[in-house]
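Here is a short report on one protein model.

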Amino acid sequence: LFSDAGVMAIEHADFEGVERLALVTGGEIVSTFDNPECTKLGHCKLIEEVTIGEDKLLRFSGVAMGEACTIVLRGATKSILEEAERSLHDALCVLALTVKDPRTVCGGGAMEMWMAEAVTQGAAKTPGKISLAMESFGRALRRLPSIIADNGGYDSADLVSQLRAHHAKGEHKMGLDMMNGCVADMTQLGVLESYRVKYQLVVAASEAAEMILRVDSIIKAAPRRRAPPRRF
């Protein structure tokens, strides 16, 4: 009946897909055709069948609402595909946090170097053994720009020393430019990070280090004894 009337129908559509389709097209989901005049219809500019790999899919483009979308991930192996999915999930979580809290900080190791400088200055004014812990915390923060430089294939000692000199002058927006292998202004390059994510990373790392320091001893299970090889 649909084909005779020039209407295209989708066969074997799952309910989750129908819900997402209703969100993006602005239509309503109905279970019967008793009152079609009271039903709100959805609209989109183009419906086409596309082939991705060996699968044929229907793509709805030009939708008015834009409440949902589909992201297609492809990989040579299952492990690569799972890693891509985890990376995409992390990126979406960061985006959601940034929408809730739009505050951002400079990336490229700029904030870590600034925090390390503040902690080191506070350690110099703190008497007792607490200052030793503060100095160690500052050194741990300065390790992060070194790791960024090492991952980029650059001389971490040279770049971190330059970055530290800039921050000593009060230039706290300076970070590591991994495209050119130099120190640059992160705000001009657009290298920014979510404040909430950075805050949670520092808190989680501090709690993990504190938990490890509270461990007095580690009990290791004895290795399983191997059976002697059989001789024939």
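## Ground rules

Two residues are in contact when heavy atoms of theirs lie within 4.5 Å. This is a predicted model, in which local features need pLDDT of at least 70 and side-chain atom pairs count only at pLDDT 80 or more, while totals for chains, interfaces and linings use all residues. Residues are numbered from 1 along each chain as its sequence is written, and side-chain values use heavy atoms, with hydrogens and water left out.

## Fold and dimensions

The protein has seven helices and six strands. Both are DSSP runs numbered from the N terminus: helices are H or I with at least four residues, strands are E with at least two. Read from the N terminus, the order is α-β-β-α-β-α-α-α-β-β-α-β-α.

The radius of gyration is 28 Å, whereas a compact globule of 232 residues would have one near 17 Å. That radius is taken over C-alpha atoms, and the globule rule is 2.2 Å times the number of residues to the power 0.38. Along the principal axes, the C-alpha atoms fill a box of roughly 85 × 75 × 35 Å.

## Surface, burial and charge

Buried residues make up 18% of the 232. Buried means under 20% relative accessible area, exposed means over 50%, and partly exposed lies in between (1.4 Å probe, protein chains only). The protein exposes about 18200 Å², with carbon and sulfur atoms supplying 57% of that area. Areas come from the Shrake-Rupley method with a 1.4 Å probe; for residues, only the protein chains shown count as cover.

Take contacts between residues at least 6 apart in sequence: 49% of them join residues at least 24 apart. On charge, there are 27 positive and 31 negative side chains, and the centres of the two sets lie 14 Å apart. Lys and Arg count as positive, Asp and Glu as negative; His and the chain ends are not counted. Each charge is placed at NZ of Lys, CZ of Arg, CG of Asp or CD of Glu.

## Domains

The protein is divided into domain 1 (3-70), domain 2 (73-102) and domain 3 (105-210). The bounds come from an automatic or database domain assignment. Over C-alpha atoms, the centres of domain 2 and domain 3 are 25 Å apart. Their contact takes four residues from domain 2 and four from domain 3.

## Around helix α5

Gly152 sits in the loop between α4 (130-151) and α5. Gly152 is partly exposed, at 36% relative accessible area. Its C-alpha lies 8.1 Å from that of Gly181, which is 29 residues away in sequence.

Ser156 belongs to helix α5 (residues 156-168). Ser156 counts as buried because its relative accessible area is 16%. Not counting residues up to four places away in sequence, Ser156 touches Ser146, Ala149 and Asp150. His167 is also in helix α5. It is buried, with a relative accessible area of 1%. Leaving aside neighbours within four places in sequence, His167 contacts Ala110, Met113, Trp114, Glu117, His172 and Met174.

## His43 in its loop

Is His43 buried or exposed? His43 is exposed, with a relative accessible area of 56%. Its place is the loop between α1 (15-25) and β1 (46-52).

Which residues does His43 contact, leaving aside neighbours within four places in sequence? They are Thr25, Val63 and Ala64. Val63 is 20 residues from His43 along the chain, and their C-alpha atoms are separated by 6.6 Å.
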